[in-house]
Amino acid sequence: MRRLLTSLLIIVASLAAIAAKRPPASSRQLSGYDLEAKIAQMDSLALDPVEGVWEMPADRVKLVIERCDDEPWDYRAVLLDSENRQLRPGTIMGYLQATARTDKFTLWLYSEWGQGMLAAPVSCNATLSADFSSITYVKPSIKWRLRVNFARWLPNFFRGISISAEPRSEAPIEGFRRIAPLQSYAPAGKIIYL
């Protein structure tokens, strides 16, 4: 019984540590986000390769990925246009955090609609393509497996049962396609001669 309680406490502590690194449980709405205005703005600024106006073909939305200095994330993805009229321009759709590799990001996307806002952020590993024209990610998919070992039941009941989470590898690849700016980018630290 003591081991079961210890295991439960470790699980709760792990979940609390993971929750501390997560974005807010629900999205919020920002003002002043218009598709044409953001395209014009992105064409006139010096941007990081991941910044710009993007399209998510699977969800039929257009969004801007921009630096956010007022939050603990490197970038945020903000909705500009959607076929779903419940989603309003200016709604934060997710956040991106840079990693040690310049082409890899931790992407948090809000995955559910509830109480008039997006909620339930899901973490994905995102990859920026070599030509900076797309960002791809695979949504995590977990299969829970319960294993029972009848040979171990006799000495100790709880040692004969185990529960494990296994990632599924058949999840479809999703992502963004760049709309603007369409100029080419030079990776940081690389000199390009014209």
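The model is a predicted one.

**Entry 1. Layout of the chain**

I looked up the order of the elements. Starting from the N terminus, they run α-α-β-β-β-β-β-β-β-β-β-β. The chain has 194 residues, and 32% of them count as buried. I then checked how far apart in sequence the contacting residues lie. Among contacts with a separation of 6 or more, 49% are between residues 24 or more positions apart. The accessible surface of the chain comes to about 12,600 Å², and carbon and sulfur atoms hold 57% of that.

**Entry 2. The core**

Which residues touch the most other members of the largest nonpolar core? I find L63, I65, L107, I135, Y137 and F176, out of 39 residues in that core. I followed one of them, I65, further. Leaving out residues up to four places away in sequence, I65 touches V50, E51, G52, W54, Y75, R76, A77, L96 and I135. I note that I135 is itself on the list of core residues with the most touching members.

**Entry 3. Strand β3 and its partners**

I next turned to strand β3, residues 75–82. Seven of its eight residues are buried, so the strand is largely enclosed by the rest of the structure. I looked for its pairing partners. Strand β2, residues 61–67, pairs with β3 in the antiparallel sense, over seven bridges. Within this pairing, L63 has L79 of β3 as its bridge partner. Strand β4, residues 92–98, also runs antiparallel to β3, and four bridges join the two. There, R76 stands opposite Y95 of β4.

**Entry 4. Salt bridges**

How many salt bridges are there? I count nine. I wrote down three of them.

The side chains of D48 and R67 meet in one, at 3.5 Å from N to O. D48 lies in the loop between α2 (35–44) and β1 (52–56) and R67 lies in strand β2, so the pair ties together parts 19 residues apart in sequence. D48 is partly exposed at 27% relative accessibility, and R67 is partly exposed too, at 39%.

E55 and R177 meet through their side chains at 3.2 Å, N to O. This pair links distant parts of the chain, with E55 in strand β1 and R177 in strand β10 (residues 173–180), 122 residues apart. E55 counts as partly exposed at 23% relative accessibility, and R177 counts as partly exposed at 43%.

E66 is in strand β2 and R76 in strand β3, ten residues apart. Are these two residues buried or exposed? Both E66 and R76 are buried. Through shared partners, salt bridges join R28, K38, E66, E71 and R76 into one network.

**Entry 5. Cysteines**

I searched the whole structure for disulfides and found zero. C68 has a relative accessible area of 4% and is buried. C124 counts as buried as well, at 3% relative accessibility.

**Entry 6. A helix residue and a distant partner**

I picked A37, which lies in helix α2. A37 counts as partly exposed, at 44% relative accessibility. Its C-alpha atom is separated by 9.9 Å from that of L80, 43 residues apart along the chain.

**Entry 7. Backbone exceptions**

Most residues other than glycine have a negative phi, and most peptide bonds are trans. I looked for departures from both.

Which peptide bond is cis? The bond from A180 to P181 is, with omega near -10 degrees. P181 is found in the segment after β10.

R60 has a positive phi, near 55 degrees. R60 sits in the loop between β1 and β2 and counts as exposed, at 53% relative accessibility.

A120 also has a positive phi, near 55 degrees. A120 lies in strand β6, residues 117–128, and is partly exposed with a relative accessible area of 25%.

Definitions and conventions
Residues are numbered from 1 along each chain as its sequence is written. This is a predicted model: local features need pLDDT of at least 70, side-chain atom pairs count only at pLDDT 80 or more; totals for chains, interfaces and linings use all residues. Side-chain values use heavy atoms; hydrogens and water are left out. A nonpolar core is a set of buried Ala, Val, Leu, Ile, Met, Phe, Trp, Tyr and Cys residues joined through side-chain atoms within 4.5 Å. Buried means under 20% relative accessible area, exposed over 50%, partly exposed in between (1.4 Å probe, protein chains only). Contact means heavy atoms within 4.5 Å. Two strands pair if DSSP finds at least two bridges between them. Accessible areas come from the Shrake-Rupley method with a 1.4 Å probe; for residues, only the protein chains shown count as cover. A salt bridge is a side-chain nitrogen of Lys or Arg within 4 Å of a carboxyl oxygen of Asp or Glu. A disulfide is a pair of cysteine sulfur atoms within 2.5 Å.
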